[in-house]
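This briefing describes the protein chain shown below.

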Amino acid sequence: MARAEKALELTVAAPNRPGELAKILKSLSDRGVNLRAYTAYVDGEFGYLKAVPSDAETAKEALSAAGYHFTEKQVLLVTTDDTVGAAAAVAGAIAGAGLSVGHSHGSSAGGPQALLVFNTNDNDAALQAING
């Protein structure tokens, strides 16, 4: 069974060079910030980190102090069973409410649950659609 909650996702853009991701992550860990979810990718000359921190305010302070610029976006964190079709069921609930997904990523460590991140055009309605 899926359960959604609101969270803040921070997106950091930084030059695409060796060690930059490690520096960003260290700036967060040095301040005691755990990441509930993250994804990183490169697009041309820049690398991007989308992270859902355990403590958004401390994460913002840490990134600013380290000289990184970031944007903020509300997302939904969805905890669901780690089974075939679980992500499809969540995406189907969002679609069934007539909503669009802006971006999504997720992961599982092979345990009983998976953690998915969704940003939609109406996160309040998506929260209701997922949680019932």
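Two residues are said to touch, or to be in contact, when heavy atoms of theirs lie within 4.5 Å. By that criterion, and leaving out residues up to four places away in sequence, Ala51 touches Leu8, Glu9, Leu10, Leu35, Ala37 and Tyr38. The model is predicted, so local features need pLDDT of at least 70 and side-chain atom pairs count only at pLDDT 80 or more, while totals for chains, interfaces and linings use all residues. Residues are numbered from 1 along each chain as its sequence is written, and side-chain values use heavy atoms, with hydrogens and water left out.

**Overall fold**

- The protein chain contains 4 helices and 6 strands, where helices (H or I, at least four residues) and strands (E, at least two) are DSSP runs numbered from the N terminus.
- Read from the N terminus, the order of elements is β-α-β-β-α-β-α-β-β-α.
- The radius of gyration is 15 Å, close to the 14 Å that the globule rule gives for 132 residues, so the chain is as compact as a globular protein of that length; the radius is taken over C-alpha atoms, and the rule is 2.2 Å times the number of residues to the power 0.38.
- The C-alpha trace spans about 40 × 30 × 30 Å along its principal axes.
- Among contacts between residues at least 6 apart in sequence, 72% join residues at least 24 apart.

**Surface and charge**

- Of the 132 residues, 36% count as buried; buried means under 20% relative accessible area, exposed over 50%, and partly exposed in between (1.4 Å probe, protein chains only).
- The chain exposes about 7100 Å², of which carbon and sulfur atoms supply 52%; these areas come from the Shrake-Rupley method with a 1.4 Å probe.
- There are 10 positive and 14 negative side chains, and the centres of the two sets lie 4 Å apart. Lys and Arg count as positive and Asp and Glu as negative, without His and the chain ends; each charge is placed at NZ of Lys, CZ of Arg, CG of Asp or CD of Glu.

**Nonpolar cores**

- A nonpolar core is a set of buried Ala, Val, Leu, Ile, Met, Phe, Trp, Tyr and Cys residues joined through side-chain atoms within 4.5 Å.
- The largest core has 12 residues, among them Leu10, Ile24, Leu28, Ala51, Ala62 and Tyr68.
- Two or more residues of this core come from each of strand S1 (3–15), helix H1 (20–29), strand S3 (46–53) and helix H2 (56–65).
- A second, separate core of 11 residues includes Ala4, Val78, Leu99 and Ala126.

- Ala51 is found in strand S3 and is buried, at 5% relative accessible area.
- Thr11 is 40 residues from Ala51 in sequence, with 6.4 Å between their C-alpha atoms.
- Val52 is also found in strand S3 and is buried, at 1% relative accessibility.
- Beyond four places in sequence, the contacts of Val52 include Ala7, Asn34, Arg36, Val75 and Val117.

- Thr120 lies in strand S6 (residues 113–120) and counts as buried, at 8% relative accessibility.
- Not counting residues up to four places away, Thr120 touches Ile94, Ser100, Val101, Gly102 and Ala126.
- Asp124, found in helix H4 (residues 123–131), is partly exposed at 46% relative accessible area.
- Asp124 and Lys60 are 64 residues apart in sequence and 24 Å apart in space, C-alpha to C-alpha.
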